[in-house]
Structures are given as C-alpha cells and as structure tokens.
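Please consult the sequence and the structure below while reading.

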There are 2 protein chains.
Amino acid sequence: MTGGRRLAALALMSAGCWPAAAVAQPVDAASRATVERIRAAPAFRRAEAALADGHDRFVRDIIQLTEIPAPPFGEQRRGEAFRALMVEAGLTDVTVDSVGNVIGLRRGSGPAGRPPVVVSAHLDTVFPEGTDVRVRREGTRLSAPGIGDDSRGLAALLAYVRALDAAGIRTRRDLLIVGTVSEEGRGDLRGVRQLFADRRDGRGIAAFFSVDGLSPARITRGGVGSKRYRVLFRGPGGHSYGAFGLVNPAAAMARAITDLYALPVPQQPRTTFSASVVGGGTSVNAIPSEVFVEVDMRSEDATALARLDEAFRGVVERAVAVENESRSTREGRVTATLEAIGDRPAGETPATSPIVRLSAAASAAAGYAPTLDASSTDANMAMSLGVPAVTIGSGGTGGRAHALDEWIDVAPEESVRGLAVGLLAIVAVADQPDSRPRR
Amino acid sequence: MTGGRRLAALALMSAGCWPAAAVAQPVDAASRATVERIRAAPAFRRAEAALADGHDRFVRDIIQLTEIPAPPFGEQRRGEAFRALMVEAGLTDVTVDSVGNVIGLRRGSGPAGRPPVVVSAHLDTVFPEGTDVRVRREGTRLSAPGIGDDSRGLAALLAYVRALDAAGIRTRRDLLIVGTVSEEGRGDLRGVRQLFADRRDGRGIAAFFSVDGLSPARITRGGVGSKRYRVLFRGPGGHSYGAFGLVNPAAAMARAITDLYALPVPQQPRTTFSASVVGGGTSVNAIPSEVFVEVDMRSEDATALARLDEAFRGVVERAVAVENESRSTREGRVTATLEAIGDRPAGETPATSPIVRLSAAASAAAGYAPTLDASSTDANMAMSLGVPAVTIGSGGTGGRAHALDEWIDVAPEESVRGLAVGLLAIVAVADQPDSRPRR
C-alpha cells in the first residue's frame with residue numbers, strides 16, 4: 001500500500017500526515033442482512049475457528065515471508081516460497097506468470113471459466129536488497145521491514161484458503177489467490193497490470209480484493225492515480241564566465257518548477273503534485289549541460305489527473321521556449337524530455353457497489369466502524385478498468401509501514417477478529433448471485 | 001589559470017568560447033627603450049643563450065612535475081619535488097609555508113628586506129587524484145593533464161633562475177620564486193591568499209608575476225573576481241500526496257534560480273552568473289526536505305560583483321519568503337543558507353602601470369603583438385590588494401587546458417623565444433628604480 005488518505009481510528013499503520021480524509025460508511029440493511037446470514041451459519045463459524053486454531057501457523061508464515069528480501073523487481077525468491085505455501089495449502093493450478101505474480105485457483109461451485117473473484121496481496125516491499133529483514137519478536141509484537149506491508153496480507157491469503165477448506169465452504173465463484181509483484185514505488189503496479197492484461201483487461205475478473213495494510217475498518221474504494229516523470233533538461237553547457245549568455249537548462253528547469261507550483265488544482269477531487277528530486281551539473285564554474293527533476297502528480301480522478309498532466313507538459317514546453325528566447329542558442333538550444341517513471345491509473349468503486357457495501361457490513365459485523373477512503377494500491381488497476389474492487393486490511397495493529405522499524409502486533413484475539421472481516425467480505429462477494437457484482 | 005577572456009592570436013590554449021575580449025596594447029616609447037636596453041645588453045644575451053642551452057633540462061622538469069598528481073589540497077608531493085628543484089637551482093632560503101606554497105629567495109642588489117618581486121606559478125591542477133598524468137611524447141608535442149597549466153610555468157621559474165645565474169644577472173630587487181598551492185577550482189586561491197597574508201596583506205610585495213598559460217603575447221592585467229555559493233534550501237518535507245500543500249524547498253530554489261536569471265548585469269565591466277550544480281530530494285513520492293544549487297558569480301569589477309552578490313542574496317531571501325507565503329508552513333518553514341564555496345577578489349592593474357607597460361614592451365620586443373585581458377588567476381589576489389600584478393604565459397604553443405588531452409609543443413625555437421619574454425619583463429620590473437613600481 002503506497003500512500004493515500006488514512007483514517008485515524010485503528011489504522012495506526014503509516015498514519016503520518018494525511019489530511020482529513022476517511023468518510024464513515026453507514027451500512028445498508030440488505031448488506032447487513034447478507035453478511036449476518038453468512039456469519040451466523042455454522043460453516044462460517046467453523047472457518048472463524050480455523051482462523052483462530054491456525055493463528056500460530058499464520059504468524060510463522062508472516063515471519064518466513066518477511067525474512068525473504070523482496071524489493072520491486074527482486075521478488076523471485078519470496079514468490080517461490082509463496083508458491084510452495086499455496087500448493088501446501090491445497091490450491092490447484094498454482095502458477096507463476098510472466099512477470100512473477102504467483103497465482104492459485106480455488107474452484108467455486110459455479111461453472112468453470114466464469115470470471116473469478118481475485119484475492120491478492122503484494123509480494124514486494126519498499127526496502128532495497130541488503131536491508132536487514134530479520135524479524136525481532138517481543139511477546140506478540142513483531143518488528144521487521146515489510147512485516148505489515150504486506151507479509152501479513154500474503155499470509156492472510158493462505159489462512160483464508162485453509163479456513164475455507166477446514167470449514168468445507170465452497171463459494172459460488174472461483175477465488176483466484178494472487179501474490180503480486182511490484183506494487184511499490186518504481187514497481188508501478190507492474191504485477192497487477194499484467195494480471196489484468198492477461199484476463200482481457202479485467203473483463204475476465206468479477207471483483208478484486210487487495211489485502212493490504214492492517215485496519216479491517218478501512219475500506220479503500222478510491223484509487224489515487226499518479227503520473228510520474230523524470231524530466232531531463234539538456235543544453236550546450238559551457239564555461240560559467242566565458243560562455244555567460246548561453247541558454248542554461250537549469251534556468252529552464254527552474255521556470256518549469258516555478259510554473260508547476262502556480263498551476264491551480266482542484267481540492268475535490270483531490271489532485272496534487274510535487275517536484276521531488278533534482279540533480280545535474282558537474283562543476284560550480286560550468287553552465288550545466290544536463291539537469292533533471294522528478295515530478296509526482298496524483299489525483300483521485302482520472303480526468304483531473306489527465307488535465308494536470310497536460311498542463312504540466314505545457315509548463316515544461318513553455319519553460320524551454322522562454323529559455324531559448326531569453327538567452328543565446330548559438331551553441332545549441334535547451335531541450336526537455338519527459339521520461340515516464342510511473343503511471344498509476346486513477347479510479348473508484350462506487351460507494352453503492354456490492355463489494356464496498358458488503359465489505360463495510362463485514363467490518364461493522366465484527367464491531368468495527370467502517371470508513372471509506374482513497375489510496376494507491378493494486379486495486380487502482382481494477383478500479384481504472386471498471387472492475388469492482390476494494391483494498392482492506394488483514395487485521396491486527398501495527399505501525400511505521402515503509403520504515404525500518406515497521407511492526408505489527410499479533411495478539412491473537414484482535415488479530416483473528418480483524419482477519420475474519422476480510423474472509424467474510426470475500427465469501428459474501430463470491431457468493432453474489434449476479435453474473436457480475438453490480439457496480 | 002582558470003577561465004577569463006582569451007585572445008585569438010597565439011593563445012591556442014583553452015581558446016574555447018570566450019567572447020570578444022583582448023585589447024591590443026600599444027607600447028609606449030619609454031618602456032620600449034627600457035626593455036630594448038636590457039635586451040641588448042650582453043648579460044641578457046647570455047641569459048637567453050642559457051635558456052636555449054637549458055631547454056632540454058626545462059622539458060625534463062616539465063615532464064617530471066606533470067607526472068606527480070597535484071589536485072588542489074593534494075599538492076604535497078609535487079611541492080616537495082619542486083622544492084628540491086629550487087634548491088638544486090641554487091635558490092637560498094627555500095621554505096614550504098603553512099599551506100604548502102614552496103618559496104625560494106633570489107637576492108637582489110638592493111638592501112635586504114626590501115619588498116621583493118614575486119614570480120610565481122601554481123602547483124595544482126584541475127585533475128583529481130587517480131587521473132593518468134603520464135606524459136605522452138610525439139616529437140616536440142607533449143600531452144598530459146596539467147602539462148601546460150601549469151607545469152610549464154613551474155619549470156619556467158627554474159629556467160629563469162638558472163639563466164640569471166648563468167648570465168651573472170643580479171636584479172635590484174629580490175626575486176621571490178613561488179610555487180603556489182590551490183589556484184584551481186575549489187582551491188580558491190588558498191595558496192596565494194596565504195602568501196599575501198603572511199606579507200602584511202601585500203605591503204611586503206613590490207610586484208607580482210603569475211606565470212600561467214602559454215601565450216607570451218597575452219598580458220592579463222584584469223582579475224575577474226568571483227563569489228561562489230552552495231545554497232541549501234531546507235523544509236519539512238513530507239508525502240507528495242498526503243502532505244501536498246506544504247512548502248517545498250525545491251519550489252523556493254526554482255524561484256531563486258528564475259529570479260537570478262532575470263537580474264540585469266552590466267556588459268562592461270563584464271559581470272556574469274551561473275546556476276551550475278543542483279541536487280537534493282530522496283524519492284519521487286516525497287516533497288524534498290533539502291535541495292541545493294551551486295551558483296558562480298563573476299565580475300572584472302569588485303563593485304559590480306558586490307552589487308550582484310547583494311542582489312542574489314535578496315533573490316534567495318525573497319524566494320524563501322514567497323514560498324512560505326504561498327503554501328502551508330504548519331509542519332515548518334522553508335529556509336535557505338548560503339555556504340560560501342569560493343570568493344576570488346576582483347581587481348585590476350592599470351594599463352599605465354609599469355608592470356603592464358614593461359611586460360607589453362618585452363612581448364613586443366620579441367616580435368609578439370601584446371594584448372591586455374582579464375582572467376581569474378593567482379594575480380587576482382595581488383590586484384585586489386593594490387599590488388601591481390600581471391599574469392603572463394611561458395611561451396610555446398598548446399591547447400586543451402583543463403581537459404585530459406591537454407598538450408604543449410616544445411619545439412625549441414618558439415619555446416625559448418616565448419620563455420625569454422617573461423624573463424625580460426621580470427628583469428625590467430625588478431630593476432625599476434622606484435621604491436615601489438608606480439601603479
């Protein structure tokens with residue numbers, strides 16, 4: 001889970017400085033009734049008992065997976081371990097796709113080949129190769145980089161499969177259990193992108209759960225889209241004194257940043273930008289021949305993001321033109337190239353969609369106060385393609401996601417209580433009678 | 001020799017892209033007469049013959065010194081070799097001062113303790129430790145980093161001492177022969193600064209020659225001053241999406257660069273600036289907490305430089321203020337600090353000063369067409385303190401100073417002809433009867 005608006009309640013994880021945000025979600029009567037009916041049935045009671053009985057094993061899985069480094073583009077070893085755990089959990093057709101996503105099928109009672117409900121967690125972490133990923137345990141508190149984001153999510157998928165098997169629950173729809181690669185940072189949703197591309201751009205997927213983060217009260221139904229560029233400004237360079245008067249790519253870059261920061265963006269849908277990393281030049285006494293700035297732009301709304309993207313391209317173009325008009329181009333002109341280093345689609349699942357309503361009802365049924373928010377996760381891809389999707393936490397408490405001192409608490413009662421919310425939501429959605437859950 | 005305006009004629013060295021520049025210098029009758037008298041005397045004829053006879057040794061000295069790496073702050077080994085060569089050449093009182101300048105005295109016929117004429121070349125090069133400094137020789141062409149700038153100058157000092165000894169010439173004033181450290185780049189004239197500080201801020205020095213570069217027709221009498229800063233912009237930083245709306249130090253920096261490039265500077269006296277190196281930020285999805293830009297400002301005129309310096313400080317201050325007004329400072333304000341990374345004084349020796357007139361006359365006497373220009377060399381320090389000073393080349397041809405393929409040609413006739421110009425100018429100045437050469 002990479003950023004997004006957070007709720008204050010139980011989401012200790014990465015609380016940080018997100019402004020305002022989550023919206024309390026009232027639970028509608030029909031969804032409440034559906035969820036309560038499933039929850040009260042003996043089969044689901046058995047599943048909950050199995051989650052509790054299997055909690056030690058669940059914790060061992062978390063630790064095992066956490067201690068295998070898995071930066072974006074380096075998830076292979078963790079993926080292999082996850083594949084073996086999936087097979088051991090009894091999933092059939094366990095495969096690793098072309099980019100490294102680990103995919104296992106749990107057949108439903110419906111006809112084979114119907115679009116499944118995807119239940120996914122991400123294999124990668126934000127931590128580079130070489131990070132100390134050993135888990136430190138103090139009582140029920142486990143500390144290690146990536147342990148909550150998203151090792152706990154991965155282990156939850158396995159716990160769900162085992163609990164459903166133990167309870168003898170067969171959902172109507174197939175469940176496709178997926179460990180995705182490259183959710184974080186420069187990974188840019190590479191894994192989930194491929195998953196949808198391989199399934200007719202999502203037309204082969206009925207609904208999508210991303211199990212990411214901890215809070216079982218936080219239902220992420222908004223996908224914050226982002227566009228990221230490394231903008232490279234080039235010019236002829238030259239001696240700072242002797243060649244004074246020539247165009248300077250740093251001056252063009254400066255104007256572009258200044259003008260970016262003068263662009264108006266809507267507060268609703270929330271739309272943002274940042275000039276984040278700058279670099280270039282070789283010596284204080286030389287006009288640089290090359291400088292760059294990395295820019296991040298985001299919006300909850302695809303149109304607002306596209307509009308900002310277009311405005312930014314205009315800003316860069318104009319800054320270059322102004323520089324070439326303002327100073328001498330006798331040794332060459334300033335140019336700018338935009339290298340896309342991130343492109344996450346925006347999207348949202350309507351608050352009235354069954355997957356949102358049922359997830360909120362499942363959360364409320366366990367005694368949580370569900371809220372809806374927007375973030376940037378694997379679910380973005382689904383939302384952008386119109387596939388009903390939410391991101392939900394796997395329970396427990398914790399904090400410091402994306403930091404070296406990341407931690408989770410696996411005190412069993414709270415841990416299992418939160419874990420069961422996701423399972424209930426998944427069963428409710430996968431049992432929906434519609435050919436495709438209505439949006 | 002670090003930049004400056006160059007003349008087209010014989011100064012093949014670093015010709016590069018310097019605009020317009022050098023001014024042809026007519027030789028006045030009195031200076032011509034003085035120089036011709038010295039030049040025609042048998043003693044100077046013997047000195048010229050000694051330069052020719054010692055040319056092979058001169059070339060060996062160039063090679064020996066070039067092949068000892070000597071970046072600014074790393075001149076110790078080359079300094080030690082130069083010290084040994086000075087002692088071998090018969091100089092008395094050879095010392096190494098607190099910063100590493102190598103200093104030897106050649107007594108004149110005047111009373112001891114009178115301010116000497118300094119004849120200097122710089123020990124350091126622009127090339128970092130680890131650069132391949134082996135000299136490649138093809139016929140009379142020698143190639144190696146730093147060979148012309150300024151190994152040839154260092155070897156010229158030794159050749160002058162030997163030639164004066166061989167000819168039995170004793171100048172009126174003492175000659176202080178100096179190999180300076182840290183003339184280049186970040187060295188920031190550290191050596192010559194110390195030399196003058198140790199001699200009552202120059203009141204203990206009668207006149208100053210820097211033997212730097214090649215052309216014996218180029219008399220540098222203007223010292224281009226410079227101010228260099230590393231400007232560090234700091235702010236609270238934060239998540240690019242979650243903390244959007246907070247102040248961004250990169251936006252403040254961009255505005256400062258944009259506004260710097262809108263500052264008017266005079267063409268005469270030539271005054272320049274450059275935003276040269278930029279850096280900072282950690283991740284595309286984070287508002288940076290720290291960015292920097294390195295800025296170089298220069299002028300032939302101290303007042304114009306001070307005015308630009310003040311305007312730039314105002315630009316930085318205003319950019320920071322605008323940023324703090326434009327966005328939220330709830331997590332902290334943007335600040336900027338200017339770290340001075342270079343401060344070379346501007347100055348000039350009047351065109352009518354004896355050192356300029358006699359140097360031009362010496363150049364013309366050897367058949368060159370002398371020109372006056374401005375540059376940034378060790379002589380800046382002298383000029384800024386009101387000590388009559390010029391920078392002159394040591395003869396020969398060459399090119400590509402400050403580049404790895406730097407070269408010189410030591411074809412003896414042209415090499416000795418150029419070498420003799422400097423010696424003639426030095427003798428003429430050191431024989432001046434005034435208590436201090438008039439400015």
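The points that follow cover confidence, domain layout and the interface between the domains.

The model is predicted, with an ipTM of 0.74 and a pTM of 0.75.

**Confidence**
- The average pLDDT of chain A is 91, and 94% of the residues score at least 70.
- Residues 3-20 of chain A have a pLDDT below 50; in the model this stretch has 62 contacts beyond near neighbours in sequence.
- The pLDDT is also below 50 over residues 435-439 of chain A, a stretch with 24 contacts in the model beyond near neighbours in sequence.

- Domain 1 of chain A contributes 14 residues to the contact, and domain 2 of chain A contributes 12 residues.
- About 910 Å² is buried between domain 1 of chain A and domain 2 of chain A, with carbon and sulfur atoms giving 39% of this area.
- Within domain 1 of chain A, the residues that lose the most area to domain 2 of chain A are Arg186(A), Asp188(A) and Ala346(A), which together account for 51% of what that side buries.

**Polar and charged interactions**
- One salt bridge is counted between domain 1 of chain A and domain 2 of chain A.
- Arg344(A) and Asp188(A) meet through their side chains in a salt bridge (3.9 Å, N to O).
- Five residue pairs are in polar contact between domain 1 of chain A and domain 2 of chain A, both residues being at pLDDT 80 or more.
- The side of domain 1 of chain A that touches domain 2 of chain A comprises three nonpolar, six polar and five charged residues.

Conventions:
Residues numbered from 1 in each chain as written. Chains lettered and ligands numbered in written order. Heavy atoms only, no water. Contact = heavy atoms within 4.5 Å. Buried area = accessible area lost by both parts, 1.4 Å probe. Salt bridge = Lys/Arg side-chain N within 4 Å of Asp/Glu carboxyl O. Polar contact = N/O pair within 3.5 Å; in protein donor to acceptor, adjacent residues only side chain to side chain. Nonpolar A, V, L, I, M, F, W, Y, C, P; charged D, E, K, R; others polar. pLDDT = per-residue confidence, 0-100.
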